[in-house]
Amino acid sequence: MATTGPVTPEAPFEPSQPPVIEGFSPSVYSTSEGFKEKFLRKTRENPLVPIGCLGTAAALTYGLYCFHRGQSQRSQLMMRTRIAAQGFTVVAILMGVAASTLKSRP
């Protein structure tokens, strides 16, 4: 039979306190950031994403306006433009993620 040394009881779990993780300091990340500050920071980090979103919204709005007025050719063109703008936005997001990943590497 194997005997172990004296067992020291661990501190009880306290749900109101954050867990202590070695090498992690939660105080660094605890700054409260409002919607406006976060939006401006993200826009500065990757300005092509809001441009793509605005282009998508503009093409959709104008395409729906043309559809309502009966201009089917222009409406089709604007819907195709919307798809291109959405593709541009997705590519901008992926490039932003790749750039931030490469920047964070040591």
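How much of the chain over residues 48-67 is helix, how much is strand, and how far apart are the end C-alpha atoms? Over that stretch the chain is 100% helix and 0% strand, with 28 Å between the end C-alpha atoms; helices here are DSSP runs of H or I of at least four residues, strands are E runs of at least two, and both are numbered from the N terminus.

Colleagues, this is a predicted model, in which local features need pLDDT of at least 70 and side-chain atom pairs count only at pLDDT 80 or more, while totals for chains, interfaces and linings use all residues. Residues are numbered from 1 along each chain as its sequence is written, and side-chain values use heavy atoms, leaving out hydrogens and water.

An unreviewed UniProt entry annotates residues 48-67 and 83-102 as "transmembrane region"; such annotations may be inferred rather than shown by experiment. Residues 83-102 are likewise 100% helix and 0% strand, and their end C-alpha atoms lie 29 Å apart.

I turn now to Arg82, which lies in helix α3, residues 72-104. Beyond its neighbours within four places in sequence, Arg82 is in contact with Thr56, Ala59 and Leu60, contact being heavy atoms within 4.5 Å.
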